Amino acid sequence: MTTDAPRERHSELDDDPAFALHRGGKLEVRSSVDVTDHAGLSLAYTPGVARVCSAIAETSELVDTYTWKSNVVAVVTDGSAVLGLGDIGPEASLPVMEGKALLFKQFGGVDSVPIALTCNDTDEIVETVARMAPSFGGVNLEDISAPRCFEIESRLRELLDIPVFHDDQHGTAIVTVAALRNAARLTGRTLGDLRAVVSGAGAAGVAVTKMLIDGGIGDIAVADSKGIIYSGREGLNPVKAELAEISNKAGLQGSIEAALEGADVFIGLSAGEVPESVVATMASDAIIFAMANPNPEVHPDVAHKYASVVATGRSDFPNQINNVLAFPGVFRGALDVRATDITENMKLAAANALADLVGDDLAADYVIPSTFDERVVPAVSAAVAAQAREDGVARLS
């Protein structure tokens, strides 16, 4: 027998449909078995449960078979970089974390638990997540500010034998690489033919740049608030210093505006606006991915004057670069083979599978599938699982 929790009286906030939808939260926990009599109770709980516990104590791998661990992900944040809202704290981050969990379930059939932490210290976050890890089959880090997010993910990957994935980095990178691969194909080029400029050296900017380098981009330069990042520039933190060593083969210096002259690709992952006069200096058949929300760095109406392909992070324009195209399938594939890690090759495999779905339907307004394309998760998860086996991180064949 269950009872519904008491509900608060109507608030004026509920006149806004967003508040009305969120009232009471977007998630609940449901049992996967029915307990209707004493026999069922004795199996689901004591004394029957003791036999299962003892078996797991003797053979720890059985936890994946006889609990929900192998299909549940921790969605972890400290609330320090939530959407475009910044450091709003753990409580205010919960609606986003619930939304992430909803998307995990709806698109990937993956259960997940939102976990908002009251600490911002890197050591404390790593220790806290590591201590919780036995309950989960994977960890999705979310909305943790740079540069801490890089170290947190790296250390957790070293400590844990389950997939750890910072979606703000890698989800964005996977979808961006897939879309750019198709945009290049549409204009008769490959990634290797392109010179790209990235605006923003935060979590997404760094990850997109690294993944495009792994994918074979011709050259790529990254700009932060002080201009183009290059080897030898003073004041670079360790993450940017590493980026400087692997990017910007042309040795560009100065402003992003100067770097964009003659560039084939602009990738916007910051809030900085790019003037139309600068966009006009890009190469012919330019590709513009202006992904800041809600206001793209280059408005699509302006971008279309000069670019052959335009993408944004918004759902009201074609070619939306949306992380939901990546993370449900990536975790679905990793969990299906009980992977110990999500490798760089697995991320590239996800991007290639996503790009391939477009196929012969490729067009200027269709370089990436829709978020509601039912082929996405099966294709991405299959590619990720296959690559996990090839990379030797799969525990199931």
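Is Cys119 buried or exposed? Cys119 is buried, at a relative accessible area of 11%; buried means under 20%, exposed over 50% and partly exposed in between, for a 1.4 Å probe and protein chains only.

The model is predicted, so local features need pLDDT of at least 70 and side-chain atom pairs count only at pLDDT 80 or more, while totals for chains, interfaces and linings use all residues. Residues are numbered from 1 along each chain as its sequence is written, and side-chain values use heavy atoms, with hydrogens and water left out.

1. Cysteines. A disulfide is a pair of cysteine sulfur atoms within 2.5 Å, and by this rule the count is zero. Cys119 is in no disulfide, the nearest cysteine sulfur being that of Cys149, 15 Å away. That distance is too far for a bond. Cys149 is also buried, with 1% relative accessibility.

2. Largest pocket. This pocket holds about 1600 Å³ of space. A pocket here is an open set of points on a 1 Å grid over the protein atoms alone, with protein on both sides within 12 Å along at least five of seven lines, where a 1.4 Å probe fits; lining residues have an atom within 4 Å of a point. Points are joined across faces, edges and corners, and a volume is the space filled by probe spheres set on them. The lining has 41 residues, and Leu83, Gly84, Asp143, Asp168 and Asn293 lie nearest the centre.

3. Make-up of that lining. Helices α5 (90-108), α8 (167-186) and α9 (203-214) each supply at least two residues; helices (H or I, at least four residues) and strands (E, at least two) are DSSP runs numbered from the N terminus. The most comes from α5, with seven residues. By type, the lining has 19 nonpolar, 16 polar and six charged residues. Nonpolar covers Ala, Val, Leu, Ile, Met, Phe, Trp, Tyr, Cys and Pro, charged covers Asp, Glu, Lys and Arg, and the others, Gly among them, are polar.

4. Second largest pocket. Its volume is about 650 Å³. There are 22 lining residues, with Glu28, Val29, Arg30, Trp68 and Asp111 closest to the centre. Two or more residues come from each of α2 (38-44), α5 and β2 (111-116). This lining divides into eleven nonpolar, five polar and six charged residues.

5. Strands β9 and β10. Strand β9 (residues 286-290) pairs with β10 in the parallel sense over five bridges; pairing requires at least two DSSP bridges between two strands. One of the bridge partners is Val310 in β10, for Ile288. Five of the six residues of β10 (residues 307-312) are buried, so the strand is largely enclosed by the rest of the structure. With helix α13 (residues 300-306), β9 and β10 make a right-handed β-α-β unit. Right-handed means that, with the strands pointing away from the viewer, the path from the first strand over the helix to the second runs clockwise.

6. Backbone points to check. Most residues other than glycine have a negative phi, and most peptide bonds are trans. A cis bond joins Thr46 and Pro47, with omega about 10 degrees; Pro47 is in the loop between α2 and α3 (48-58). Another cis bond joins Ala146 and Pro147, with omega about 5 degrees. Asp285, not a glycine, has a positive phi of about 55 degrees and is partly exposed at 38% relative accessibility. Arg338, also not a glycine, has a positive phi of about 50 degrees and is partly exposed at 23%.
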